Amino acid sequence: NSTVTAATPISAGGSSTIDVTVKDGSNNPMSGVTVTLSATGSNTITQPSAATDALGHTSGSLSATVAGSNTITAVAGGVTLSSHPVVVVNPGPQTKLVFFVQPSTTASGATITPAVQVQIQDAFGNLVNSTDNVTVAIGTNPSSGTLSGTKTVAAVGGVASFGDLSINNAGTGYTLTASSGVLTGATSNAFNISASPAQLGFFTQPANTAAGATITPAVQVEIQDNGGSRVTTATNTVTLAFGNNAGGGTLSGTLSVAAINGVATFGNLSINTVATGYTLQASATGLTGVASNAFDITTPVSGSITHSLLTSGHDPTNTSTFTTASIAPAANALVTIAVLTHQASAAAPDPTLTGGGMTSWQVVASVAYDGATPLDRLTIFRGMSAAPGSGPITIQTSVTVSNCQWVVSQWSGVNQSGTNGSGAIAQTNSATGAAVTTLTPTLAAFVSANDAAYGVFGVASATSVVTAGSGFTTIDQQPSGESTVGDLFAEWAVNKPAVTATWPSKNAGGLAVEIKAGP
């Protein structure tokens, strides 16, 4: 027979010594008998197997981790000697918090998935059926992010679930902490918040600028995550428009730009109307837009434009190549060339120009006229150089034409921004008519009262005289060379948007250009 004794109850987290005495049928102690101890439930027996001493005695230990009723049994030689009931109780209902579902790597502003869960456990990791409130906060905050969502949640069955948490700033190595009253708090594993395009921000704001001038420095819009940090991998296309159009002006330039390294740069914006309190609105598909700070468009401070005729001429030869006299343009002056060609079957395309001391010539405006199938082509070209050369200009047409006329003008005191004189051209317009005595290719109101109006008219042959419009000065009149003078006519005036000229009734075409004055 045997006896088994142990203290009862035992507190979870503690242990109890188990004493065993083995005797024979005459109640004499039996030495050298191996006794094995076991226990029901989830608790653990330490020293489970030992031999009795001379007094028939041995012992073991019960390590208590789980509350509940347990029975300790002693077995020797396959015979159950005795058993003893033991009750294990918890030291308290709530002891610590544990992140059961950890926060994971998430894009900035996005909901952290799967939902973070915090358990209320006893000291041995057993879930405690509790309804305590649990609160989470940022522990390690590498990028000053803000934790959003429901941050205090009542536990259900000992589990608090946080299903709408998010952090708005990208960063590496965030942690969350959990707390609840007097319970031992917990810290989550480290996790990352990756950058995700969410909104736009003006990195370089538009500044007060003179009307018609390029806004400097270049306006820049950056693509940000929800926390306002630039997303350097973003390449979204950003579009600008007026937010507040204080003066009814026109926003010009490249208005849609793809971001590079998260930044869209708008380098050629301008507004043509003086007013106070303009704003720009930036937008991009799928992102929150943003309005710029307010800025003003001011009255441009301009100098005076002066004009000089460099050369003019005509050639009635049926050919495709024509050459002007040599010219020597001034540095940083705008040079314009008005060219008129005629072909018997259809108007020739715009010619190409080379020479004259310029590296290149660009078309400013062009118009075809004279009949239902136009036969005449009127074109204006521009050029500008800080260090021009000299020489004749070659006019090359892609088809043979029956005659060609040209007027080469130089404009000093003009805006020198842009390339090859582009900053000196504010606007253009054209007009055509059949059997008319006048044309008026009208321009919009000028950016500056010091800007010049340049008008060029082509009138069908046999026109002796073309008369400049009121307030305009005649630059030159060139015949076709095949009949009466009067085919190509050029004029100019300061601040005269209604560019007009008159002649006896003929088919005609006209071009008007606003030339911008410089500072």
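In the predicted model, Arg230 forms a salt bridge with Glu222, and the closest N and O atoms are 2.7 Å apart. A salt bridge is taken here as a side-chain nitrogen of Lys or Arg within 4 Å of a carboxyl oxygen of Asp or Glu. By this rule the count comes to 1 salt bridge. Glu222 counts as buried at 10% relative accessibility, whereas Arg230 is partly exposed, with a relative accessible area of 32%. Burial is assigned under 20% relative accessible area and exposure over 50%, with partly exposed in between (1.4 Å probe, protein chains only).

The model is a predicted one, in which local features need pLDDT of at least 70 and side-chain atom pairs count only at pLDDT 80 or more, while totals for chains, interfaces and linings use all residues. Residues are numbered from 1 along each chain as its sequence is written, and side-chain values use heavy atoms, with hydrogens and water left out.

Asp451 is located in the loop between strand 41 (425-439) and strand 42 (452-459). Strands (E, at least two residues) and helices (H or I, at least four) are DSSP runs numbered from the N terminus. Asp451 is buried but has no salt bridge; Lys516, the nearest side chain of opposite charge, is 6.9 Å away. For charge, Lys and Arg count as positive and Asp and Glu as negative, and His and the chain ends are not counted. Side chains of opposite charge can pair when their charged atoms come close. Beyond residues up to four places away in sequence, Asp451 touches Ile305, Phe446, Ala493, Val494, Asn495, Glu514, Ile515, Lys516 and Ala517, contact being defined as heavy atoms within 4.5 Å.

Lys516 also lies, with Gly212, Ser252, Ser270 and Ile425, nearest the centre of the largest pocket, which is lined by 23 residues. Strand 41 gives the most to this lining, with 3 residues. The space in the largest pocket is about 560 Å³. A pocket is an open set of points on a 1 Å grid over the protein atoms alone, where a 1.4 Å probe fits, with protein on both sides within 12 Å along at least five of seven lines; lining residues have an atom within 4 Å of a point. Grid points are joined across faces, edges and corners, and the volume is the space filled by probe spheres set on the points.

Strand 35 (residues 334-342) is mostly covered, with 9 of its 9 residues buried. On one side these are Leu334, Thr336, Ala338, Leu340 and His342, and on the other Val335, Ile337, Val339 and Thr341. Strand 35 pairs in the antiparallel sense with strand 40 (residues 403-412) over 9 bridges, where Thr336 stands opposite Ser409. Antiparallel pairing with strand 38 (residues 376-383) runs over 8 bridges, and Thr379 is the bridge partner of Val339. Two strands are considered paired if DSSP finds at least two bridges between them.

An open sheet of 4 strands has the order 15-13-19-20 and antiparallel pairing. Its edge strands, strand 15 (152-154) and strand 20 (186-187), each pair on one side only. Strand 19 (residues 176-179) is joined to strand 20 by 2 bridges, and Ala178 has Ala186 as its bridge partner in strand 20.

Thr317 lies in the loop between strand 33 (306-315) and strand 34 (319-323) and is partly exposed, with a relative accessible area of 41%. Leaving aside neighbours within four places in sequence, Thr317 is in contact with Phe322, Val401, Ser402 and Asn403. The C-alpha atoms of Thr317 and Ser180 are separated by 99 Å, the two residues being 137 residues apart along the chain.
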